[in-house]
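Here are my notes for you, in the order I would read them. Keep the viewer open as you go and look up each part when it comes up.

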Amino acid sequence: MSTAFLTSWKVRVGLGILAFFCLLAVFGPWLVDSLLGLDPRENDTAVIAQPPGADHLLGTNQFGQDVLAQVVAGARGSMYVGLLGAVVGTAMAILIGVPAGYYGGKVDAGLNFLTNLFLVLPVLPLILIVAGYLEGTGITTIALIIGFFGWSGGARTLRAQALSIANRDFVRAMRMLGERGRRLVFAEVLPHLTGLIASMFLHAMIGAVMAEAGLAFLGISDSSAISWGTMIQSAQQQSAVLRGLWWWFVPPGLCIALIGTACALVNFGVDEIANPKLRVARPVSARRAKRLARTGGGA
Amino acid sequence: MSTVLRDQAPEADTPEYVLEARDVSKHFTVRGPLGGTTVVRAVEDATVRLRPGQILALVGESGSGKTTLARMLARFHEPTRGEIVLRGERVSGNRRAQRAYHSEVQLIFQDPFGSLNPLHRVRYNLDRALCLHQPHLTAKGRETRIAELLERVSLTPAADYTTKFPHELSGGQRQRVVIARALAVEPKVLLGDEPISMLDVSIRLEMLNLLKGLRTEDGLALLYITHDIASARYLCDEIAVMYAGQMVESGPKEDVIASPQHPYTKLLIESSPDPERGVGDRDKLFAGADELGEPPSLIDPPTGCRFHPRCPFAMPECAVEAPPRTELGGGHWAKCWLHAKGRAGELAGTTHAAATVARREKLQGAS
Amino acid sequence: MTVQAEQYRPAKAPAGQAVLEVRGLSVEYATGGVPVRACTDISFTLRRGEILGVAGESGSGKSTLITALTRLQRPPAVTTAGEILFHGRDGSAPVDLVTLDGRRMRRYRWTALSIVLQSAMDALNPVMRIGAQFADVLRARDRSLSKRDAWARAAELLALVGISADRVRDHPHQLSGGMRQRAAIALALACGPELVVMDEPTTAVDVVMQRQILAQVLRLRSELGFAVVFVTHDLSLLLELADRIAIMYAGRIVEVGEAAALYSAPKHPYTQGLRDSFPPLHAPLRTLHGIPGTPPDLRRPPPGCPFHPRCAQRMTGCEERLPALLPVGPKAGHEAACLLNDTDTDTDAKTDTDSGETKGGIL
């Protein structure tokens, strides 16, 4: 499974992009500082709103800040929000969805009610209210809020899957052996959900990155923190689109799109592995079949 | 009739039967789309008794309630009425009792591909069973016991199999692992829910031979649930036939198969392929067999005898009152009005198809 | 009922004439590195109105054979060799179904050959009335047929398989599983095919319903005169039903012959083992063992006779030479592929090249 996972080019490309951004988030700011000697916060009034050039590879913004340094610094902020939000959201989905599906009955009724409640909550207004209530919304707070309001869809999917697995014969057989509930959940049921959980996690990550960008765009975020969302927001505030300062908002937008594409690619690849039906019609095997038909087989 | 059975039941302190289901019924309530409920009467007043070292076959078509009965005996379902009795003691529903019960009674599932977790090796399955039921064993003791168990089910050399995942094994080998896992508990009773029906034809007999060996060598009692009456005859001592949730006939296998005393048993036997009788005389063999009817719905079963709408021997009383149980000697009994009315002789002289044709002609002649 | 049946009776062609000739058919699966050969060198002839049973275990290639015969196979399965000659009832030149393009193949479906699948009962569209599904098929063949006539004919067809005509307005879920399976058979017969391929049509139904369906197939066969290829894992069933039986093992036909001859005097140890895998219902019981071992992995087939690792009568040479399918026994048309029957040493050269070829092809 672990090696089959990497044979798909979609998975490899997707994981490559994600790895690049993770490395960028971890080491990028340090590299930019030490190699290029740039500080994302430094205002250089000599070069305001410069297009990309030799000095500033991605140009500078209205405040004379280097866009490349900002994108790299923003990677740290955005990836941090994405990962933390996804971890919180996925963990809550597991803790609420799996027991609901496995135990059924009253446990299910209670947990499912909670899930449905969160599913129909108007999340964005609520986030606005909560963010307003918690004064000084740091980037961690934002991530936690995104995770806390974003688990319900995943919990529903997990509940359905856990329900179907809990009724499979092998779980019945282990229960008949006298295996206890918690062990049944973690040793028998949960391992079958890893693929689904991984895919949910990636989805949640795209969601969190986007949500952060969206919230920043609406002005709900720590304006002193640098993330792709805050970059786009300040570009918007300075009417960068109207003034044709495309190098200000395109790089962060592109980064967000790239992260989304990478997560989607990994998900497609995982889907193909989990569901062989998507694989049989792959052009490679169809081509091979045609070649076989022409040459009349290996004989 | 049920009182007759209770009178015969032995005293609780000297249990003759290791496992009994006494007059158990199971009704499932199904909620309709508009909130209305319907009741499916899956099993109605069924009685099963297993002596130590006995193999009883429960034969019936799908929907006859045989699997529901097995699942009640495996404690997956609580009976709606009636009781499950282990060694003369009524089994209660709490969790602790359930665990004790499962250390004596184990179920072999139909699907060997579904009853082993694909993510666990063979060793894990057996090791968990031993951990839970033989807690006195050390890790080393468990290891030797695993080897013994695998050899018991003819997976030799055992070392080749302990580290295998289910998908690396064939269907027959998986079912052997499932049996070994059940044996790790050291049960007294095995329930086999169509344990061979998903296996390749050529390896089914070896599986039956293995189950037979567990009875003769280890003294296990076995309830063998099947739709295949020929395999039931091969494996078991007694046969019980179920139709539409009720038991219609039971007795020593050769008596039941050679001279079925219920029209449904007769139909079932005549419908089962048997090349010995068949080859060559095909037209005669299939004559009249294209209108045999179908089992009734269990939501609204026929009144009286549930077989009467399909029965070529049906009488007016069949539609009104359920037939009494008639003892035919040697432990053979049937529930059919033919016996009460002295018409049982008619069963032996004809086939179901021929009797149906004769009856139709008679009805047409009368009208 | 017989009067209605008259309409779908194929024009009389001399009995005993071939309707389907399969010659040297091989099918491979092109997955992964090495192509897997699921059917190798299959040859048989099916005569008009004949029931040919094909028996085999899982992985014997019987389902692959069916999809190849009916051209329902999808990549990665591909027919790599051989021809499937279909002889029309009008006496025109035979057509090779393997090379037929999609448009012309569609002309042959339903009218020349149709198929009943194991899950045919689930193949009916759940949201369409039974009659509408029949009408679709009937009117696709014959544009001039009015809707009303098509529904009337659907009712007649259902009556053929013993389903009352008023059921034509039902949806599939209102019918029991056995009824749906019979409706699927009626649908397969809708356009008067000359050949019906049945893939385990009774595996999902109970024994009594199975009996009923088989009796109906036999009756309709004698009324309408179509030929049947009946594929199943249940040899005991075929012995009662089929005229001739082909036994498949590891993608090859290992024995073919009349049902009676195959039962009383099987010439291949696998056929013997398979026959003895069904405990008798009335004859005295003895301990039976079936066939020990498991079928070979077709990705790595054993050299020589594919059955030799499980064969109790294995001799020297079995692991090297691939036996050819040769006539055996007193009955005409009885053939088996086993060295036990090989008394003529002249065939050595032939079988040797055969096995050499196969080895080169697969390894």
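The points below go from the numbering and confidence to the chains and their contacts.

1. First, the ground rules. Residues are numbered from 1 along each chain as its sequence is written, and chains are lettered from A, ligands numbered from 1, in the order in which they are written. This is a predicted model, where local features need pLDDT of at least 70, side-chain atom pairs count only at pLDDT 80 or more, and totals for chains, interfaces and linings use all residues.

2. Start with confidence in chain A. pLDDT is the predictor's confidence in each residue, from 0 to 100. Chain A averages 79, and 83% of its residues score at least 70. Helix α7 (residues 152–166) of chain A has the highest confidence, at 89, while helix α13 (residues 277–280) of chain A has the lowest, at a mean of 51. Helices here are DSSP runs of H or I, at least four residues, and strands are runs of E, at least two, numbered from the N terminus. Over residues 280–284 of chain A, pLDDT stays under 50, and the model has five contacts beyond four places in sequence for that stretch. A contact means that the C-beta atoms of two residues, placed from the backbone, lie within 7 Å.

3. On to the sheet in chain B. What is the order of the eight strands? They run β6-β7-β8-β3-β9-β10-β12-β11 (chain B), in an open sheet with mixed pairing. Strands pair if DSSP finds at least two bridges between them. At the edges you will find β6 (105–108) and β11 (325–327) of chain B, each pairing on one side only. From one strand to the next, the twist averages 20°.

4. Now zoom in on that sheet. Strand β3 (residues 55–59) of chain B and strand β9 (residues 238–243) of chain B pair in the parallel sense over four bridges. Across β9 and β10 (246–252) of chain B lies α11(B), running at about 105° to β9(B). For such angles, axes are lines fitted to C-alpha atoms, for helices over the stretch in contact, and the angles run from 0 to 180 degrees between N-to-C directions.

5. A344(B) is found in the loop between α14 (337–340) and α15 (345–349) of chain B. A344(B) and P263(B) are 81 residues apart in sequence, yet 9.7 Å apart in space, C-alpha to C-alpha.

6. Chains B and C touch. The contact takes 40 residues from chain B and 41 residues from chain C. On the chain B side, α8(B) gives the largest share, seven residues. That side divides into 17 nonpolar, 11 polar and 12 charged residues. Nonpolar covers Ala, Val, Leu, Ile, Met, Phe, Trp, Tyr, Cys and Pro; charged covers Asp, Glu, Lys and Arg; the others, Gly among them, are polar.

7. Chain C itself has 12 helices and 12 strands. Buried residues make up 53% of its 363 residues. Chain C is divided into domain 1 (2–242) and domain 2 (249–279 + 291–362), with bounds from an automatic or database domain assignment. Their contact takes 20 residues from domain 1 of chain C and 15 residues from domain 2 of chain C. β2(C) gives the most to the domain 1 side, with eight residues.

8. Finish with strand β8 (residues 227–232) of chain C. Six of its six residues are buried, so the strand is largely enclosed by the rest of the structure. In a regular strand the side chains alternate between the two faces of the sheet. Both faces of β8(C) are covered: A227(C), V229(C) and V231(C) are on one side, and V228(C), F230(C) and T232(C) on the other. β8(C) pairs in the parallel sense with strand β3 (residues 51–55) of chain C over five bridges, and with strand β7 (residues 195–199) of chain C over five bridges. V228(C) in β8(C) has I51(C) opposite and also V196(C) opposite.

Terms used: Buried ≥ 20, exposed ≤ 12 C-beta atoms within 10 Å, placed from the backbone.
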